[in-house]
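Open the model in your viewer and keep the selection panel at hand. The stops follow below.

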Amino acid sequence: MTVVCLDACVLYPTVLREILMGCAARRLFRPVWSPRILEEWARATRKLGPGAEDVARAEIALLRDRWPGSEVTPRAGDLVRLHLPDADDVHVLAAAIAGHAEILCTFNAKDFPRGILEQEGLRRLDPDQLLRGLLDRDAWAVRDVVTGVHATAERLSGEVLPLRELLKRARLPKIGKALG
């Protein structure tokens, strides 16, 4: 099974995270992350206002409980030897290496150059690319996950949310087009 390291920027938006983790639950890939990646997610929610970080930390606790084997600790040697355009992202690459990931899923293409990742045996995909590949492999499973997340989003919001619009807001326009 393909191992995918999920960067904080793909765990933070709820709809996107729920779709990714739903696909992981269907065994379409095995997710990995580090404690620092989860901490970045929690801190990123502060800009949403009071209480948002508490909600994120509760969601992180649930994620850790559901996926106990997904959390990895980067090796100190990797943290020292690796270099990226943004030194603050080295921990993400080190987590991918520690988790034996084949794919790093991130929106941050600029700070994860393909050449550097290839030297470590990794490919960089954004979530839309990752999910498009999963859709090609198992359309029924991905469609079922997206349908479930869509229904939950509508139930929680109390509104009708057009699927393509919801997926576009989740930065998944290709999946939205493919499924919409």
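The tour goes from a helix pair to a loop residue and then to salt bridges.

This is a predicted model, in which local features need pLDDT of at least 70 and side-chain atom pairs count only at pLDDT 80 or more, while totals for chains, interfaces and linings use all residues. Residues are numbered from 1 along each chain as its sequence is written, and side-chain values use heavy atoms, with hydrogens and water left out.

**Stop 1: a helix pair**

Select residues 14-25, helix 2, and residues 139-157, helix 9. Helices here are DSSP runs (H or I, at least four residues), numbered from the N terminus. The two pack at an angle of about 145°, with axes 9 Å apart. Axes are lines fitted to C-alpha atoms over the stretch in contact, and angles run from 0 to 180 degrees between N-to-C directions. Helix 2 passes helix 9 in a right-handed crossing (the near helix is turned clockwise from the far one by less than a right angle).

Now show the side chains. Helix 2 contributes V15, E18, I19, G22 and C23, and helix 9 contributes V142, V145, V146 and V149. Contact means heavy atoms within 4.5 Å. The contact residues divide into 7 nonpolar, 1 polar and 1 charged. Val, Ile and Cys count as nonpolar, Glu as charged and Gly as polar.

**Stop 2: S70**

Go to the loop between helix 4 (52-66) and helix 5 (76-81), where S70 sits. Is S70 buried or exposed? S70 counts as buried, because its relative accessibility is 2%. Buried means under 20% relative accessible area, exposed over 50%, and partly exposed in between (1.4 Å probe, protein chains only). The S70 side chain reaches the backbone oxygen of P31 at 2.8 Å. Leaving aside residues up to four places away in sequence, S70 touches P31, V32 and W33.

**Stop 3: salt bridges**

The whole structure holds 13 salt bridges (a side-chain nitrogen of Lys or Arg within 4 Å of a carboxyl oxygen of Asp or Glu).

Select R17 and E59: their closest N and O atoms are 3.1 Å apart. This pair links helix 2 to helix 4, 42 residues apart. R17 is buried at 3%, whereas E59 is partly exposed at 25%.

Next, take R57 and E39, at 2.7 Å between the closest N and O atoms. R57 lies in helix 4 and E39 in helix 3 (residues 35-44).

Finish in helix 5 with D78 and R81, 3 residues apart. Their salt bridge spans 3.0 Å, N to O. D78 is buried at 6%; R81 is partly exposed at 43%.

Notes
A polar contact is a pair of N or O atoms within 3.5 Å; within protein, one must be able to donate a hydrogen and the other to accept it, and residues adjacent in sequence count only if both atoms are side-chain atoms.
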